[in-house]
Every structure is written in structure tokens, then in C-alpha cells.
Amino acid sequence: MKRLRTIALLSAALAVLIYWQFFAAPDWFSGRTVLLRIENGYTIKDVSESLFGSGLIRSPAAFRMLASLKSLDTKMQPGRYQLTTNLNAQNILRAITNPSLGTVSVTIPEGYSVREIDARLAELGLILAGEFAAAAMRYEGFLFPDTYFVFNLNFA
């Protein structure tokens, strides 16, 4: 009986260790925000490598296995996702397969240049740095200061 209890305890400890190593949030305490972009045609392998490279998951293979076990490996939705490093693999998988639409208010003060607007939008996680500047540079001086309400995918 004592031997059976020892085996059960060791098995439970091993299960917790495996979960922690592969599926737990990689940075539980800081909760750093990361903007993830999923393009049309991305596979689960592409997404898992991107998540790993951004420090959002501990193991691309474990993430793919979890997605496959839950039959979500082909259900990822293209878009931009603002995720934090204190989310575990299951929550990240839920976020990228069930995106929600949120509204973000963006205030552009008078006198902001295209590059300053770009920096503000990137800081809010709405774009990757440089995207707005590349598209709007020719409109420098024609952009109006105001508060804009922008739709954004998934604030997880």
C-alpha cells in the first residue's frame, strides 16, 4: 500500500512538472504585452513558432499537441492579438481560435507627426511599429487631432 501511494505521489509530481514545463505561462509575474499577428494561411506550426519566438509559450511542440488534442489546430483566426506573457497555452489557444472584437479609443494630440502617431498606435498594440508611418507619410500635415475609436481583435 505504501509503495502504491509513493508511485501515485511521484506520478502526480511528474504530471505537475510536465504541465509547468510545457503548458504554463512563461512569465507569470511580469505580464508583458505582446502583439501577435496571424496571417491568412498560417499553419499551427507557423503560429506556435511565432508564439515561442515572442516568449508567449514554453514549447512549440507542446502547443501544437494541445491544439491537436482539442481539435483546434485548424481553427486559428487571422488577425492581430494583444496577448500577455502571463497567459497559459490553453488561454492563448482559446484567444486565437475565438477572437473577440474590442473598441479602443486613440487620442491624437494637436501637432503630432506621422511618426509620433505611429509610435502611439504601436504602444497601444494596434499596429506593429512603422506600419502607420509607411502608409501615411504622404499625408503629413493633413491628419486631424481628435479622439478616434478603433476596432481591435482580442484583448486577451
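Visitor: Before we start, what does contact mean here?
Guide: Contact means heavy atoms within 4.5 Å. In the protein, residues 24 or more positions apart account for 68% of the contacts with a separation of 6 or more.

Visitor: And what kind of model is this?
Guide: This is a predicted model, where local features need pLDDT of at least 70, side-chain atom pairs count only at pLDDT 80 or more, and totals for chains, interfaces and linings use all residues. Residues are numbered from 1 along each chain as its sequence is written, and side-chain values use heavy atoms, with hydrogens and water left out.

Visitor: OK, how many helices and strands does the protein have?
Guide: There are six helices and four strands, taken from DSSP runs (helices: H or I, at least four residues; strands: E, at least two) and numbered from the N terminus. Their order from the N terminus is α-β-α-α-β-α-β-α-α-β.

Visitor: Let's pick a residue. Where is threonine 97 found?
Guide: Threonine 97 sits in helix H4, which covers residues 89-97.

Visitor: Buried or exposed?
Guide: Threonine 97 counts as buried because its relative accessibility is 9%; buried means under 20% relative accessible area, exposed over 50%, partly exposed in between (1.4 Å probe, protein chains only).

Visitor: What does threonine 97 touch?
Guide: Leaving out residues up to four places away in sequence, threonine 97 touches Leu72, Lys75, Met76 and Gln77.

Visitor: Which backbone oxygen lies 2.8 Å from a polar atom of its side chain?
Guide: That's the backbone oxygen of leucine 93. The side chain of threonine 97 also reaches the backbone oxygen of arginine 94, at 3.4 Å.

Visitor: Back to the whole protein: how much is buried?
Guide: Buried residues make up 33% of the 156 residues.

Methods:
Polar contact = N/O pair within 3.5 Å; in protein donor to acceptor, adjacent residues only side chain to side chain.
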